[in-house]
2 protein chains.
Amino acid sequence: MKTPDPRTLLRAMFDAAIAAAQPALCVPRHLPQPPNGRLVVVGAGKASAAMARAVEAHWPGALSGLVVTRYGYAVPCERIEIVEAAHPVPDAAGEAAARRMLALVQGLTPDDLVLCLISGGGSSLLTLPPPGLGLADKQALNRALLASGASIGEMNCVRRHLSLIKGGRLAAACKPARVLNLLLSDVPGDDPIDIASGPTVPDPSTCADALDILRRYGIELPTQARAWLESGEGESLKAGDPRLPEIDTRFIATPQMALEAAAAVARDAGLKPCILGDAIEGEARDVAKTLAGIALQVARRGQPVPPPCVLLSGGETTVTLRGKGRGGRNVEFLLSLGIALDGEPGIHALAGDTDGVDGQEEIAGALLAPDTLARAWAQGLQPRARLDDNDGHGFFEALGDSVVTGPTLTNVNDFRAIVITADPGGADGATQRN
Amino acid sequence: MKTPDPRTLLRAMFDAAIAAAQPALCVPRHLPQPPNGRLVVVGAGKASAAMARAVEAHWPGALSGLVVTRYGYAVPCERIEIVEAAHPVPDAAGEAAARRMLALVQGLTPDDLVLCLISGGGSSLLTLPPPGLGLADKQALNRALLASGASIGEMNCVRRHLSLIKGGRLAAACKPARVLNLLLSDVPGDDPIDIASGPTVPDPSTCADALDILRRYGIELPTQARAWLESGEGESLKAGDPRLPEIDTRFIATPQMALEAAAAVARDAGLKPCILGDAIEGEARDVAKTLAGIALQVARRGQPVPPPCVLLSGGETTVTLRGKGRGGRNVEFLLSLGIALDGEPGIHALAGDTDGVDGQEEIAGALLAPDTLARAWAQGLQPRARLDDNDGHGFFEALGDSVVTGPTLTNVNDFRAIVITADPGGADGATQRN
């Protein structure tokens, strides 16, 4: 079979990954049977308004509801109210939405169903601190956690126990109605408790865990908030807690599902897909060097998979800003990958953000080809200087290699694909003769 | 089959990787048939004295020779003279050795054979600048190249064309005698021209390439040295050049061969080996995060290979020093890996330098287990603070998890192995019920 044009194939894989995470496409197939009673829709997150619209478009009966999304992420809905609030730093709009949502699910019956549309960003959009912890306190706590070296999991554990809506409390408020969670995940590991801090799922961690973490990193709390944790008042809801209703939780889209969709496109084109990970983290330029090393191993030695193949990965890299260019973590990754591959024949790549916005611009990412560096030098663009200036968008735009999707209304994090069509050849021969 | 103890298996794989690169074990099988004439041994590199000793121990007939190694890397030889010189900054001892080596191979006959023992570090140990380029000039050029952003390949190209012994010139001096190169590689890609700057192999690059690189990065040369390049006097020897003798080049040990030896140990123990790359580069802590993402993909989803398996990789990471601890790039990698894996069950790892010295200490590396972080916290060792202080040796030594081999007399770069024995389980289930 003839291998298709790598650039066309890469774009088709990226489009398939985004399509797999489109609420309009992935919500309908997870909609439940209509309940005997009412359907109430709640939700929080950057993709949750788009999820609400998909529910409205496909739900056969009556419904009502309230969903909170980020400023600028609202989409028109007719029966579900969409409100906007601040992310990543919470504001009063998010707190008001949280209070209204708790009120909305009061007084339901066992015949009713609460459909919860949860996506990334929901944690700061749905915020309701306990008595004695004001907005300023919460911001101070966030700063202390970020500076402490605590892991994301540790930070989330503390946050869940300092909330009146997270850690299963919203689900408890729904009882006796049943809860169906539709989750769109952008977090490594896809743990439901980590998506929007799990307002509608049971929490395995405890107040004691939260206190341990605060002690471990030497973080102080206001007296009332500490008493909230120490008294056990802050305890989140555990699996099996009789205060929880019947809960059904479904992932409708995850980074892994997006990668699997891209893998299917590759397979159809005759390339073997190799999914390296759906949760790859680290400094973008060094993740790129590592994946370049793996791509070269494929090209030169046919390990860990023989070409033609594609190395797929997701997750969220980071960029330590050093320069003043126009960048984003995906184009930073791709420029560093290009420098590391140094024009190696037969290797093409695409890196992009599935929300369509890499960094601050409406550019999702870019494409890399074996001739990218040579074309850059021919234009007087110095690849390493552009990388040092964090100018990935400037670099790839000048080459006409930007990838633009427009806003995708979803987010399953970064998408990276490296297509290797080279033949491993005899580079490993033990003997060479002049 | 029962999976063996991961710690024992990891150490066995590391030992096998080092053994595969031991001159005493890998030189003898590559020794040639005795020539009708004389055997003259020359060589340069950190492992070349140990290679010379292996030749002496197994050569049935008469021989003589001269090999240059790094200060402190000499081993006792009886018939091959071993001299020591400076690395990585060249000194007069290396220049004297280069002159003597060129003289030693003069006047040979077609019946004679020159056996060249080349290993990493040979480029600075065997230095002979052209007229008009003094030691101070050469040091200034090296500084300018390092600061320019030029790649290693570009730097080596310039260096090869500013030498009277590199780029095939030593081989040309041997003619009419035949040349047999035994190469012990520590460079990514195992290109013979990049090991010790290829004194005895043909060079595909030209003076024009070197001048392009100098122009591209705006690097100035002393007038005489520039004339040397522009006149073509500095031209290295190309394949097929009639001034070159018959040359046979064999890799006796490479990072890949070391990884394959470890893979064989894994296979015998019932684990599937997955070699990710023999030339992985990048900041150690971020390479670790990337490989942690792949290891978690294996553990949770059985991709790209199902457990039980081992992810193997080689190459050379870098460490940007921020702290004052006792570190090395392998223990820095391992500590960052441990933090990223966060105690994930069923994942063990070893990272070590195959020369037995990671950083400044006679400690090769360390072992990581799922309980490493918990044991550290129990001792009051804060993993993230130790990483920020670049204190990998301090961290793992306190836990009793250092790996000590003693000096190995060889170097095929870093060795990293991650054993995953966990079952992928149902972490990817689309539905969870409370």
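A salt bridge is taken here as a side-chain nitrogen of Lys or Arg lying within 4 Å of a carboxyl oxygen of Asp or Glu. By that rule, the count between chain B and chain A is four salt bridges, one of them joining A:D278 to B:R301, with the closest N and O atoms 2.7 Å apart. The model is a predicted one, and the predictor assigns the complex an ipTM of 0.89 together with a pTM of 0.90. For chain A the mean pLDDT is 92, with 97% of the residues of this chain reaching 70 or more. An exception to bear in mind is the stretch 424–434 of chain A, over which pLDDT stays under 50 and for which the model has 30 contacts beyond four places in sequence.

**Relation of the two chains**

Two copies of a chain are related by a rotation about an axis and a shift along it. Here chain B is superposed on chain A by a rotation of 180° with 0.0 Å of shift along the axis, at an RMSD of 0.0 Å, which is the relation of a two-fold axis. The same surface serves both copies, since 100% of the contact residues of chain B recur in chain A. In this interface, 52 residues of chain B are in contact with 52 residues of chain A, and the rule for polar contacts finds 16 residue pairs, both partners being at pLDDT 80 or more.

**Domains within chain A**

Chain A is divided into domain 1, made up of 6–17 + 255–420, and domain 2, covering 31–253. The C-alpha centres of these domains of chain A lie 33 Å apart, and ten residues of domain 1 are in contact with 14 residues of domain 2. On the side of domain 1 of chain A, the residues A:M257, A:L409 and A:N411 lose the most area to domain 2, together 47% of what that side buries. The residues of domain 1 that touch domain 2 in chain A divide into five nonpolar, three polar and two charged.

**The two interfaces side by side**

The size of an interface is often given as the accessible area lost when the parts come together.

| Interface | Buried area | Share on carbon and sulfur atoms | Salt bridges | Polar contacts (residue pairs, both at pLDDT 80 or more) |
|---|---|---|---|---|
| Chain B and chain A | about 4,100 Å² | 47% | four | 16 |
| Domain 1 and domain 2 of chain A | about 950 Å² | 59% | zero | one |

What is the count of salt bridges between domain 1 and domain 2 of chain A? The count is zero, and across that interface one residue pair is found in polar contact.

Methods: Residues are numbered from 1 along each chain as its sequence is written. Chains are lettered from A and ligands numbered from 1 in the order in which they are written. Side-chain values use heavy atoms; hydrogens and water are left out. pLDDT is the predictor's confidence in each residue, from 0 to 100. Contact means heavy atoms within 4.5 Å. Domain bounds come from an automatic or database domain assignment. Buried area is the accessible area (1.4 Å probe) that two parts lose on being put together, summed over both. A polar contact is a pair of N or O atoms within 3.5 Å; within protein, one must be able to donate a hydrogen and the other to accept it, and residues adjacent in sequence count only if both atoms are side-chain atoms. Ala, Val, Leu, Ile, Met, Phe, Trp, Tyr, Cys and Pro count as nonpolar, Asp, Glu, Lys and Arg as charged, and the others, Gly among them, as polar. Copies are superposed by least squares on the C-alpha atoms of residues with pLDDT of at least 70 in both.
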